[in-house]
Amino acid sequence: MPGSAARTATADVVCLGESMVTFLPSQPGRLADVPSFGRGIGGAESNVACALAAAGHRAKWVGRVGADGFGDHLVDTITGYGVDTSAVRRDPGRPTGIYFRTATDRATDTHEVAYYRAGSAASAMSPHNVPYEDLLDTRVLHLSGITAALSADCLALLHDLTAPREGRPLISFDVNHRPGLWRDGEAGPEVLLDLARRCDLVFVGDDEAEEAWGVHGTEAVRAALPEPDVLVVKRGSDGVTVFSRTGSGTDTVTTVPSLRVDVVAAVGAGDAFAAGFLSATLRDLPVRDRARHGHLMAAAVLTVPGDLTGPPPRAYADRLAALDDEAWGTLRLGPGWTAAAGANEEVRVT
């Protein structure tokens, strides 16, 4: 695995970022019309940590939460997935962030999200108050562009963590371009481009690359991001294209189609894909299988209402990831598919 040769580390993956308590609607409709909400958790980096821990990896989440009940709920829930939360810091003067969302797909015009995260404990993260010994004692450090948008101190932290240093772990970065999070006058797209170019493994959607940087097509995205050893360009229902640098410095280009999925809720899939890809990377699987494990992990989340769910059993996922191209193309996954392994059920359909 690039960047991790001969590393002996306490964690397989450390994920740094803000996690929030999320309130999920009891029914479809505008936020103004939804009568009640159920409580969950949401946060790109903590989602990745939870999925990796559930898949059997040593995952740690590093963040800051308030010294409040919502902070208790976050830490308890994330710990319940098997994630090491010992490096989480509590802030007595700042609250834990929360948000409310509608049930519709994030990509639609009817989707609403109401964030209450300004001045949150996580926004106070900086190079001076996070435990670097925990962040760097890992095979992989996973970051996202969301953290960079939270505050100037958070951005300074990401700049420091992505700088070249002796013994640096593999740096994984999910661009996660969220225009609404950037403060007035800040050039979010340029900041994200600079950060991504400093990392080893980058995840970016072709749609967000076009929105942020005005580039269209996978080759154009690679031209904008030539530095990462591995670049994963997500193309929605068309699958993913992975650029992986060989020893000679040239790229191997691998395209892996998406699965057909009966979607219950289109939230959390990007984080789940990253977790599946990282899981297979930690196991040194071929690039095609890394992408397929990403698709399978995403399918597990897409077929449940919330942002998190248990992944398919590893042996079952390995069997599906090893299918030939024709058989992979016949897969269709719906609610409950991850339980099929225990029931010896087939999930393939034509």
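**Exercise 1. How many of the 11 residues of helix 1 are buried?**

Before we start: this is a predicted model, where local features need pLDDT of at least 70, side-chain atom pairs count only at pLDDT 80 or more, and totals for chains, interfaces and linings use all residues. Residues are numbered from 1 along each chain as its sequence is written, and side-chain values use heavy atoms, with hydrogens and water left out.

*Solution.* 
- Take the cut-offs: buried is under 20% relative accessible area, exposed is over 50%, and partly exposed lies in between (1.4 Å probe, protein chains only).
- Find the element: helices are DSSP runs of H or I with at least four residues, strands are runs of E with at least two, and both are numbered from the N terminus. Helix 1 covers residues 44-54.
- Go through the residues: A44, E45, S46, N47, V48, A49, C50, A51, L52 and A53 come out buried.
- So 10 of the 11 are buried, and helix 1 is largely enclosed by the rest of the structure.
- Just past the end of helix 1, look at G56, which has a positive phi of about 100°.

**Exercise 2. Work out how helix 1 packs on helix 9.**

*Solution.* 
- Two packed helices are described by the angle between their axes and the distance between the axes. Axes are lines fitted to C-alpha atoms, for helices over the stretch in contact, and angles run from 0 to 180 degrees between N-to-C directions.
- Helix 9 spans residues 269-282, and its axis is 8 Å from that of helix 1, at an angle of about 45°.
- That makes the pair oblique; under 35 degrees counts as roughly parallel, over 145 as roughly antiparallel, 65 to 115 as roughly perpendicular, and the rest as oblique.
- With contact meaning heavy atoms within 4.5 Å, A44, N47, V48, A51 and L52 of helix 1 meet D271, A274, A275, L278 and S279 of helix 9.
- By class, this contact has seven nonpolar, two polar and one charged residues.

**Exercise 3. Now describe helix 5 against helix 6.**

*Solution.* 
- Their axes are 9 Å apart, at an angle of about 25°.
- The two are therefore roughly parallel to each other.
- Helix 5 passes helix 6 in a left-handed crossing.
- L155, L158 and H159 come from helix 5, while V191, D194 and L195 come from helix 6.
- Sort them and you get four nonpolar, one polar and one charged.

**Exercise 4. Do the packing of helix 9 with helix 10.**

*Solution.* 
- Helix 10 (residues 287-302) packs on helix 9 at about 145°, with the axes 7 Å apart.
- The crossing is right-handed.
- The contact includes F273 and F277 of helix 9, and M297 and L302 of helix 10.
- The residues of this contact divide into 11 nonpolar, five polar and two charged.

Conventions
Nonpolar A, V, L, I, M, F, W, Y, C, P; charged D, E, K, R; others polar. Left-handed = near helix turned anticlockwise from the far one by under 90°.
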